[in-house]
Amino acid sequence: MVGIRKPSASKSFKARTTGRVNRTVKHATNPLYGKKGAGFVKDPERSIKNAVYHKTSTGGLSSINSSSSHQEPAEEEKPTSTFDAVVGLISALLGAAGTILQIIIVVAIGLFILSLL
């Protein structure tokens, strides 16, 4: 689960060719489509596993492309919630150890919510 993701040409093609019409139709018919946190509401266990996976692995080709090309530093975005602000503060203070702490926090919150259900 930790390491480099295996690239998939078919999934990459599908992600690049899914049209704006499809997204517009889904957004019009499903009120949760495209909303942050909707995946956690729909399937908390899956959401937690995906969060851990995305935090502990790196992309195959995308990480190679982004590291080889020079990119301008992005402007800092303001956090949209208190949780985002806390996570940003933890990662800024602790660096790599903060990422591990973020994973532990996400798993702990998920387990807490699962225990309430």
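This is a predicted model: local features need pLDDT of at least 70, side-chain atom pairs count only at pLDDT 80 or more; totals for chains, interfaces and linings use all residues.
What percentage of the 117 residues of the protein chain count as buried? The figure is 11%.

**Confidence and fold**

The protein chain has an average pLDDT of 74, and 66% of its residues reach at least 70. Confidence is highest in helix α4, with a mean of 86. The lowest confidence in the protein chain belongs to helix α5, residues 61-68, where the mean is 53. The protein chain holds 7 helices and 2 strands. Their order along the sequence is β-α-α-α-α-β-α-α-α.

**Helix α4**

Helix α4 covers residues 44-56, which makes 13 residues. From its first C-alpha to its last, helix α4 reaches 18 Å, close to the 18 Å expected at 1.5 Å a residue. Three residues of α4, Pro 44, Ile 48 and Val 52, are buried. Viewed down the axis of α4, the buried residues fall within an arc of 75 degrees, so they line one face of the helix. A general point on helix geometry applies here. An α-helix has 3.6 residues a turn, so residues three or four places apart point the same way. Arg 46 and Lys 49 are exposed, and they sit on the other side of α4.

Pro 44 belongs to helix α4. Its relative accessible area is 13%, and Pro 44 is therefore buried, the limit being under 20%.

**The salt bridge**

How many salt bridges does the count come to? The count comes to 1 salt bridge. The side chains of Lys 49 and Glu 45 form a salt bridge, with an N to O distance of 3.4 Å. Both partners belong to helix α4, where Lys 49 and Glu 45 are 4 residues apart and thus separated by about one helical turn. Lys 49 counts as exposed because its relative accessibility is 51%, and the cut-off for exposed is over 50%. Glu 45, at 45% relative accessibility, counts as partly exposed.

Helix α7 spans residues 96-116 and contains Leu 101. Ile 103 is also found in helix α7. Ile 103, by contrast, has a relative accessibility of 16% and counts as buried. Leu 101 also takes part in a nonpolar surface patch of about 270 Å², together with Ile 100 and Ile 104.

| Residue pair | Separation along the chain | C-alpha to C-alpha distance |
|---|---|---|
| Ile 103 and Lys 55 | 48 residues | 7.2 Å |
| Glu 45 and Val 107 | 62 residues | 9.4 Å |
| Pro 44 and Ile 113 | 69 residues | 8.3 Å |

Two of these pairs include a residue described above as part of helix α4. Glu 45 lies in α4, and its C-alpha atom is 9.4 Å from that of Val 107. In the remaining pair, Ile 103 comes from helix α7, and the C-alpha atoms of Ile 103 and Lys 55 are separated by 7.2 Å.

Terms used
Residues are numbered from 1 along each chain as its sequence is written. Side-chain values use heavy atoms; hydrogens and water are left out. The expected span of a helix is 1.5 Å times one less than its number of residues. Buried means under 20% relative accessible area, exposed over 50%, partly exposed in between (1.4 Å probe, protein chains only). The arc is that of the directions from the helix axis to the C-beta atoms. Patches are made of residues with over 30% relative accessible area and no salt bridge: like charges are joined within 9 Å, nonpolar side chains (Val, Leu, Ile, Met, Phe, Trp, Tyr) within 5 Å. Accessible areas come from the Shrake-Rupley method with a 1.4 Å probe; for residues, only the protein chains shown count as cover. A salt bridge is a side-chain nitrogen of Lys or Arg within 4 Å of a carboxyl oxygen of Asp or Glu. pLDDT is the predictor's confidence in each residue, from 0 to 100.
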